[in-house]
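Hi everyone, thanks for coming. Please bring the structure up on your screens, and we'll walk through it together.

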Amino acid sequence: MSISIISLIWLTLWINMAQLQQGGPDEKEKTTALKDLLSRIDLDELMKKDEPPLEFPDTLEGFEYAFNEKGQLRHIATGEPFIFNAREDLHRWNQKRYEALGEIITKYVYELLEKDCNLKKVSLPVDATESEPKNFIFMSEDAMTNPDKLMILIHGSGVVRAGQWARRLIINEDLDSGTQIPYIKRAMDEGYGVIVLNPNENYIEVEKTKSQVHLSSDGSDEPAEKRERKDKTFKEAKKRRDFYEKYRNPQKEKEMVPLYIRDNGSPEEHLIYVWDHFITHSAAENTFFVAHSYGGLAFVELMIQREADVKNKVTAVALTDSVHNVWHQEAGKTIREWMRENCCNWVSSSEPLDTSVESMLPDCPRVSAVVRRGGRMRKR
């Protein structure tokens, strides 16, 4: 029996029961009988039989996938690309499987940064204790000592981590399309020191304890009757919510709470922290940024917070599909003028590469960032 059929049956029974509750004595008897029928259905067991366990391999080999010589993810036995819908009508299971593979991809890219690109991992905060949550960045050996050039790479928002531009492209296209590795290798070949940021690693998750579960509001100053009425409403709502959750999520997952990383609780905080503790102390005469999507917004926030230092240290900024907004972020006139002279935003467009693209914002030039190869769009 598929989840869609179970959904239909359960929804039909639920609607019928709701309609019967509006009727007279006969309908109420039917409601009682229907409730009894529903109580006899072991929903946990029924759904668990329908949905496979949410347990997945923790290695690429376990998934039976590997990257070939072209950096493409392929099935070991068939040579086929990754298939999202491995199980029909099991979207949640397919999504969880995709997320599990994504976590493995992230670790794989970290390994490539260290082994292929010879970068070193540096923990943040720099004075973190053994027990507190930590983030990290990757740096070339000469990142702090290179007297000439330093390049900083910042990815966008979402599930991507250090060294990635887009997880989807890594899985569906290849490593060159979805990771920062081509940028890193070319930069190092041309004599740049490199720092790879990790702005989305803002917290770790721990299991919620019973003391953290909010059971009811504190109504100590309310009349007893009103408080009892609110408690009754809350309990009924919780019962309905638990019923729905039992149906929607039969393999109940642990409730988690975030523990934020000190001074790195957001992409903006992370960039400012790395700026204060690393970039500003680097020996490079010329510092360059490549910032994608939300990374561009984080850079503008850095300018707002450290305007004079950024102007003194940064030579040029390459933005790609940046989502910054100088009005919403309240960037001043002097910042906008500096961006017009020192920044360029390459945006998705069907126009030839580097063709000027109009912008409604008075900040930096926008140009086309794409060429067509094999029928798909590629950033340059």
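Before we look at the sheet, one definition: two strands pair if DSSP finds at least two bridges between them. Please also keep in mind that this is a predicted model.

With that, let's start with the whole chain. There are 13 helices and 14 strands in its secondary structure. The chain has 380 residues, and 41% of them count as buried. Among contacts with a separation of 6 or more, 67% are between residues 24 or more positions apart.

In what order do the 8 strands of the open sheet come? The order is 3-4-6-5-9-10-11-12, and the pairing is mixed. At the edges stand strand 3, residues 120–124, and strand 12, residues 366–368; each has a single partner strand, so one side of each has no neighbour in the sheet. From one strand to the next, the twist averages 20°.

Let's zoom in on some pairs. Strand 5, residues 149–154, and strand 6, residues 192–196, run parallel and are joined by 5 bridges.

Is strand 11 largely enclosed or largely open? It is largely enclosed by the rest of the structure, because 4 of its 5 residues are buried.

Next, the helices. Helix 10, residues 267–277, lies across strands 3, 4, 5, 6, 9 and 10, and runs at about 55° to strand 4. Helix 13, residues 333–342, lies across strand 10 and strand 11, at about 70° to strand 11.

Helix 10 also has a helix partner. It packs against helix 11, residues 294–305, at an angle of about 55°, with the axes 9 Å apart. That angle makes helix 10 oblique to helix 11. Their crossing is right-handed. On the helix 10 side, the contact residues include Leu271, Ile272 and Trp275, and on the helix 11 side they include Leu297, Phe299 and Leu302. The residues of this contact divide into 9 nonpolar, 1 polar and 2 charged.

Here is a pair that is apart in sequence. Glu99 lies in helix 5, residues 91–115, and is 60 residues from Val159 in sequence, while their C-alpha atoms are 9.2 Å apart in space. Glu99 counts as partly exposed, at 33% relative accessibility.

Last, a few backbone details. Most residues other than glycine have a negative phi, and most peptide bonds are trans. Where is the cis peptide bond? It joins Leu124 and Pro125, with omega about -10°, and Pro125 sits in the loop between strand 3 and strand 4.

Then there are two residues with a positive phi. Glu64 is not a glycine, yet its phi is about 65°; it sits in the loop between helix 4 and strand 1. Asp263 has a positive phi too, near 65°, and lies in the loop between strand 8 and helix 10. Glu64 counts as partly exposed because its relative accessibility is 45%, and Asp263 counts as partly exposed at 40%.

Technical notes: Residues numbered from 1 in each chain as written. Predicted model: local features only at pLDDT ≥ 70, side-chain atom pairs only at ≥ 80, totals over all residues. Heavy atoms only, no water. Axes fitted to C-alpha atoms, helices over the stretch in contact; angles between N-to-C directions. Contact = heavy atoms within 4.5 Å. Parallel < 35°, antiparallel > 145°, perpendicular 65-115°, else oblique. Left-handed = near helix turned anticlockwise from the far one by under 90°. Nonpolar A, V, L, I, M, F, W, Y, C, P; charged D, E, K, R; others polar. Buried < 20%, exposed > 50% of the residue type's maximum accessible area, 1.4 Å probe, protein only.
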